[in-house]
Amino acid sequence: MNNDKLKSLKEIKKEIEEPKYDYIEKFATISDDKKSLLIRIPQEIRNKFDIKAGHKIRFYARFEEKKSPKLKIELIKNVR
């Protein structure tokens, strides 16, 4: 067997290592001003994404028979 092609245990562990990432989980309560439902974006999320007044948020809802509905929320900063 050719030892040049063998990898060390350290190299193998590095290759199979899960990618590292940060995440934030926050909750917000929906309120009603009799015209619209309102939600306040938690400060930590606002700061990480640099969200400012005037930015847009897209709501995408998907409804399929015999499945739970899915809601995706996406930040859109540069919509004019």
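Modeller: We begin with burial: buried means under 20% relative accessible area, exposed over 50%, and partly exposed in between, with a 1.4 Å probe and protein chains only. Of the 80 residues of this protein, 2% count as buried. The model is predicted: local features need pLDDT of at least 70, side-chain atom pairs count only at pLDDT 80 or more, and totals for chains, interfaces and linings use all residues. Residues are numbered from 1 along each chain as its sequence is written, and side-chain values use heavy atoms, with hydrogens and water left out.

Colleague: What radius of gyration does the protein have?

Modeller: The radius is taken over C-alpha atoms, and the globule rule is 2.2 Å times the number of residues to the power 0.38. A compact globule of 80 residues would come near 12 Å, whereas this protein has 22 Å. Along the principal axes, its C-alpha atoms fill a box of roughly 75 × 40 × 30 Å.

Colleague: How many helices and strands does the protein have?

Modeller: Helices (H or I, at least four residues) and strands (E, at least two) are DSSP runs, numbered from the N terminus. The protein has 2 helices and 4 strands, in the order α-β-β-α-β-β along the sequence.

Colleague: Of the contacts between residues at least 6 apart in sequence, what share joins residues at least 24 apart?

Modeller: Contact means heavy atoms within 4.5 Å. The share here is 10%.

Colleague: Which residues form a nonpolar patch on the surface?

Modeller: Patches are made of residues with over 30% relative accessible area and no salt bridge; like charges are joined within 9 Å, and nonpolar side chains (Val, Leu, Ile, Met, Phe, Trp, Tyr) within 5 Å. A salt bridge is a side-chain nitrogen of Lys or Arg within 4 Å of a carboxyl oxygen of Asp or Glu. Areas come from the Shrake-Rupley method with a 1.4 Å probe; for residues, only the protein chains shown count as cover. Here Ile41, Ile57, Phe59, Leu71 and Ile73 form the patch, with about 500 Å² of accessible area together. Strand S3 (56-62) and strand S4 (70-76) each give two or more residues to this patch. Leu71, in strand S4, is exposed at 58% relative accessible area.

Colleague: Which residue other than glycine has a positive phi near 55 degrees?

Modeller: That residue is Asp50, in the loop between helix H2 (43-49) and S3; at 40% relative accessibility, Asp50 is partly exposed. Lys34, also not a glycine, has a positive phi of about 75 degrees. Lys34 is in the loop between strand S1 (31-32) and strand S2 (37-38) and is exposed, at 75%.
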